[in-house]
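Q: I am new to this structure and would like to learn how to read its features one at a time. Could we begin with how strands are joined?

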Amino acid sequence: MTSAAASGGAYRGRTLHRRRYPVRWIAACAVLVSAFALLPIVFVAVAAIQAGWSTVAALVFRPRVGDLLVNTLLLVIFAVPISALLSIALAWLTERSDLPGARLWSWLSVAPLAIPAFVHSYAWVTMVPGLHGLFAGVLISIIAYFPFLYLPLSAAMRRLDPALEDSAASLGLGPWRVFFRVVLPQLRLAICGGALLVGLHLLAEYGLYVFVRFDTFTTAIVDQFQSTFNGPAANMLAGVLVACCLALLAVEVLVRGEERYARVGSGAARPLQRARLGWLALPCSLLLAAVTCLSLGVPFWTIGRWLVAGGSEIWRLDEIGLALGQTLFLAVVGGLLATAAAIPIAWLSIRSPGRLQRMLEGCNYVVGSLPGVVVALALVTVTVRTLPFFYQTMVTILVAYALMFLPRAIISLRASIAQAPVELERAAGSLGRSPAKALWATTIRLSAPGAAAGIALVALGIMNELTATQMLAPNGTRTLAMAFWNYSGEIDYASAAPYAAIMVAVSLPLTWLLYVQSKRMAGR
Amino acid sequence: MSLLELSGLTKRYGPVAALNGIDLAVQAGSRTAIVGPSGCGKTTLLRLIAGFEAPDNGRIALDGHTLADEAGVVPAHLRGIGVVAQDGALFPHLTIADNIGFGMRKDEDKRAERISELAYIVGLDKAILKRRPHQLSGGQQQRVALARAMAMKPRLMLLDEPFSALDTGLRASMRKAVAELLEGAGITTILVTHDQAEALSFADQVAVMRDGKFSQVGTPRDLYLKPVNRMVAEFLGDAIVLPARVADGFAECQLGRIPVDENGRREVARIMLRPEQLLIKRTTRQGMSGTPDMLFGEVVESEFAGATCTVAVRLMNNSNPPDAAAIGNTPLVLKKPGTDAPAVGEIVRISVAGKAHVFG
């Protein structure tokens, strides 16, 4: 009796140990990745402490910083709400009205993402040479970034339960009041998430604003870095920029609130009814046509015009081939690295949610909001001061990419791991596989499509990345974006055109993937 | 007078005719149930009455005012017709109180009092008014949806399978409570359901629907005892359908000579009996003697299921059926109280209570 109890106890102890084991090492990996991802924030804090309060005060509280702050604020205040209004209108027209060709318009509303923001800017500036300042910055920002709002909004509109709108109508509300009292409140999460994404991109964008001669924190930091390399002035500007990003995150959390608008009830939702536009179909089509002209027509037309004007001599194939090869290498390896780094965090957040996982998630959320310029500055400083043999090597630039695009990889992975039932992993374990092998044989295999999508999205980001690449890449590196930037900096717009064309051509299929993924997540 | 009148309603979705000529009159203050298998068009009909969709043809009139015809359609928000959807369709972004008060004006006098009064009427605790829909059980959500629709003081209330998401026990009590509540408030009600027992117990008038048409409209008793055809008969409950020769209020059939509800004379007819009209009484082989028109059978199957027991009885002396060869000697399947059911092999005497119904 006693011996049986003792052996039972020992047996239980062993199973307990075995059960905790995978969670523990995966958690350790996740903590390690997250701690590493915190590097830029730590860097900003350390830089401020080392500089001392008086230096910080002198560098931060000066008119130049005030001007930059005003510029950045104005940019966000104008560009984000206008993008939101535009996206709501477009999403409603493409998802909830009987507009002819709605599917085509829907794709055309996402396609501008395939064009890097600085190529948008290049197209506008070479077409309208006088364009500059706040107006130009706001206009091009909206055109380049509104799809980040359109995507979640159109997905949310597809998911709305039409029974709610029917109920509101039966309770005596006309179509407009139904929209404002029932539809709009349910879009709040999508609007908040998309607006945050657009806002963070505005803070991080560099090339777009250089073309239109509009100074933001990011352009000022890069200027400062190029003139004084790694001075405290650049670091302090980076500190203010980080503060702006954190403020944006805080505003979003406040506006979003704690609500989760789950669909109540269990019955199958009937398909959405589309509103009849009648004679309004024509002006609505014109609106979409105008947006498409501005966001796709202008860049394509400009690139095409420069390609024609440049003739065959701008196609320096050896140079272009080298740039394409380097870019693809960086994009693929960076994508793999970011996705590999994302596996522990994504796995934890689905399989073992808890306080640690929430903390890590919050941590990655904050880090993911940091502009590339801050990440680059941090890595430059750290490598120069403590790891000089890594300075300006492939390793540093790949690490920077992994840090910057970790959130994209996490989101894709998390969605696909959520679809691989944990029972399979347990079954593999009960059939004698070790935890790591069980994970590999089940969950990782099943989430491979999601991981591939994640790699593709990270690759898309890397391909169009300019700021960090410029600051960190080893000497002799010349990606498509860098080559494009150098030529257009020398006002050789014709020679820059092939690079722009290639970037757009490679990005289009990846953008299509993004579009399909957002449709699938909405259940269609 | 009738409050709601539907005449000649049709509605097509592409090649599919969802509604194919619907006529119906609903008396003020009454309860009507529309029942049919899924896909028969009953929900489409409800959506046309509510105004969520427009009919292709026909007319909808409420209290003499036309709501929809060839000339035009009154939109849903101007009709003042209450709707309770299958899963309640509560607004997830509003509290229960705001859900109930959704159709009221913001500045309405005593808005808060009316909301708590409505909550009280539908049997909701005041404490849940501050909660959100997802924190409520299915039954509570239905009550909120009902209170929300009643806040509009509608003359007509449409219920779209509102009880189907609830479990069996709750369903019956909710159905009774809702019926009493709406009758007390004097609200005319139309219930759409696929559950025949629900339709029969809820309504004064039942319409059986199939393939976009009403097969039959009438009181629950008429529909159950005098269905127009076999489909209606079997949709509303178990039925024993037998070939017979009918003359002078009696039918000659497998079960002998039994009274029917028709006086005409027909050589070939079909009659219907509900299983509960057949009574069986235990006897023995020795007890089988008697007048020749007495009917005996042997129990060939007996399936005990608690309160009821399903018994299959094979007739032993069928007296001259008109086309016995065609039907053979199929056992009659009857449901009897489980406490005193005969066992397999026992001999029973069979008698018929009431009249059989002759299909037209």
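A: Strands of a sheet pair through backbone hydrogen bonds, either parallel or antiparallel. In this predicted model, strand β12 (residues 240-247) of chain B runs antiparallel to strand β13 (residues 250-253) of chain B, and 3 bridges join them. Across this pairing, B:V246 stands opposite B:A251 in β13(B).

Q: What is the order of the 5 strands in the open sheet of chain B?

A: The order is β14-β13-β12-β15-β21, with antiparallel pairing. Because β14 (256-259) and β21 (357-358) of chain B each have a single partner strand, they stand at the edges, and one side of each is left without a neighbour in the sheet.

Q: How many helices and strands are there in chain A?

A: Chain A has 25 helices and 0 strands. Its radius of gyration is 25 Å, which agrees with the value near 24 Å that a compact globule of 524 residues would have. Of the contacts in chain A between residues at least 6 apart in sequence, 83% join residues that are at least 24 apart.

Q: Which residues have the most contacts inside the largest nonpolar core?

A: They are A:I221 and A:A400, in a core of 151 residues. Helix α19 (residues 394-417) of chain A gives this core its largest share, 13 residues. Leaving aside residues up to four places away in sequence, A:A400 touches A:V375, A:A376, A:L379, A:A468 and A:L472. There is also a second, separate core of 97 residues, which includes B:I49, B:A68, B:A199 and B:F214.

Terms used: Residues are numbered from 1 along each chain as its sequence is written. Chains are lettered from A and ligands numbered from 1 in the order in which they are written. This is a predicted model: local features need pLDDT of at least 70, side-chain atom pairs count only at pLDDT 80 or more; totals for chains, interfaces and linings use all residues. Helices (H or I, at least four residues) and strands (E, at least two) are DSSP runs, numbered from the N terminus. The radius of gyration is taken over C-alpha atoms; the globule rule is 2.2 Å times the number of residues to the power 0.38. Two residues are in contact if their C-beta atoms, placed from the backbone, lie within 7 Å. Two strands pair if DSSP finds at least two bridges between them. A nonpolar core is a set of buried Ala, Val, Leu, Ile, Met, Phe, Trp, Tyr and Cys residues joined through C-beta atoms within 7 Å. A residue is buried if 20 or more other C-beta atoms lie within 10 Å of its own, exposed if 12 or fewer, and partly exposed in between; C-beta atoms are placed from the backbone.
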